[in-house]
Amino acid sequence: MLAQPMKDESAEIIVNRPEVGLYHLLMLRAPGIAPLVAPGQFVHLRIWPCADALLRRPFSVYRVEGDCLSILYKVVGKGTAALARMPPGEHVAALGPLGHGFSLPCAGGGMPILVAGGYGVAALYLLAERSPVRGILFQGGRRKEDILCEPDFRALGWEVRVATEDGSWGTRGLVTDLLREELRSGGRGAKLYACGPTGMLRAVAQLAEEYGLPAELSLDERMCCGMGVCLTCVVPVRTDTGWEYQRACTEGPVFDARQLLWEVPS
Ligand SMILES: Cc1cc2nc3c(=O)[nH]c(=O)nc-3n(C[C@H](O)[C@H](O)[C@H](O)COP(=O)(O)OP(=O)(O)OC[C@H]3O[C@@H](n4cnc5c(N)ncnc54)[C@H](O)[C@@H]3O)c2cc1C
Ligand code: FES
């Protein structure tokens, strides 16, 4: 494992506001972390007002602006609910940047295709911003409220195609159905980059294999320490000699799709 720079700092909340539905935007002043963040990396936040504040919560870094970084979070439980109640001026303990992120597409290389489910889009924004080549973002969710940051990607010059399961925005159906159509029509995509729920990632991995495309997938595993110590987050990964467990928090969260086994071999 490569040693990587990592900081633990008390980060001031600059913005913490509802965006749409259960999603919120949090901007933190984190001068030790923000300049070091690479696309696909995450921060591990200790949310002091939460009853089990000792357990940090992982969030992908969505944007970086100078000394500040932002995350997009969905309120799903006690940690994120406590975070949503914290006003600007308060502090969270931020550890990061953590994890192994996405590799940047090559200038002059083929077109990148990004695939996002729900808040997974947050892990892909920096990649889209820093990529020397523009491509297509396929974005999916249950309903319109799950489609985040669509205008931000368009403003960067990316084409965006949306699918919602209830048909309230974009095409009705799964985002991977839209992706399949693109690949079947002989689309220009050269490599896939995805972040979202496990079912979506498995479908992207299958499509990548079917169409002979490389793919990098960011896994959303439950994490405890976030630093490679506790082994809460291990996933089975193919190796030259068989398979082994690797830690989603350090060797991941981004893995080459061809490496992932999804289930422990019997
Ligand atoms: C690398 C990584 C990046 C992430 N990035 C984001 C992000 O950008 N935005 C965002 O909103 N969330 C993100 N998550 C998920 C986020 O960490 C959890 O939603 C959060 O920890 C829940 O904390 P809680 O105390 O509110 O929920 P808890 O009270 O701990 O749990 C409430 C519910 O949330 C579910 N949950 C908890 N952790 C996860 C998880 N890792 N994945 C899926 N469901 C979970 C539980 O199963 C339970 O149903 C990321 C997770 C990882 C591992
Ligand atoms: S979360 Fe502890 S090893 Fe990954």
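Let's begin with the ligand. Of the 21 residues around ligand 1, the ones that come nearest are R57, Y73, G77, G79 and T80. Keep in mind that this is a predicted model.

**Around ligand 1**
- Sorted by class, the shell around ligand 1 holds eleven nonpolar, four polar and six charged residues.

**The chain as a whole**
- Looking at secondary structure, you can find five helices and 16 strands in the protein chain.
- The radius of gyration of the protein chain is 18 Å, close to the 18 Å that the globule rule gives for 266 residues, so the chain is as compact as a globular protein of that length.
- If you follow the C-alpha trace along its principal axes, it spans about 50 × 45 × 35 Å.
- Of the 266 residues in the protein chain, 44% count as buried.
- Among contacts with a separation of 6 or more, 60% are between residues 24 or more positions apart.

**Helix α5**
- Helix α5 covers residues 198-210, which is 13 residues.
- From its first C-alpha to its last, α5 reaches 18 Å, close to the 18 Å expected at 1.5 Å a residue.
- Which residues of α5 are buried? They are M200, L201, A203, V204, A205, L207 and A208.
- These buried residues pack against β8 (111-117), α4 (175-184), β12 (189-195) and β13.
- After α5 comes G212, whose phi is positive, near 65 degrees.

**Cis peptide bonds**
- The peptide bond from G96 to P97 is cis, and its omega is near -5 degrees.
- P97 sits in strand β7, which runs over residues 91-98.
- G252 and P253 are also joined by a cis peptide bond, with omega about 15 degrees.
- You will find P253 in the loop between β15 (242-247) and β16 (254-256).

**Positive phi outside glycine**
- L231 is not a glycine, yet its phi is positive, near 65 degrees.
- L231 belongs to the loop between β13 (215-218) and β14 (234-239).
- Is L231 buried or exposed? L231 has 11 other C-beta atoms within 10 Å, and a residue with 12 or fewer counts as exposed, so L231 is exposed.
- W262 is not a glycine either, and its phi is positive at about 70 degrees.
- To locate W262, look in the segment after β16.
- W262 has 10 other C-beta atoms within 10 Å, so by that cut-off of 12 or fewer W262 is exposed too.

Terms used
Residues numbered from 1 in each chain as written. Chains lettered and ligands numbered in written order. Predicted model: local features only at pLDDT ≥ 70, side-chain atom pairs only at ≥ 80, totals over all residues. Helix = DSSP H or I, 4+ residues; strand = E, 2+ residues; numbered from the N terminus. Buried ≥ 20, exposed ≤ 12 C-beta atoms within 10 Å, placed from the backbone. Near = placed C-beta within 6 Å. Nonpolar A, V, L, I, M, F, W, Y, C, P; charged D, E, K, R; others polar. Rg over C-alpha atoms; globule rule 2.2 N^0.38 Å. Contact = placed C-beta atoms within 7 Å. Expected span 1.5 Å × (residues − 1).
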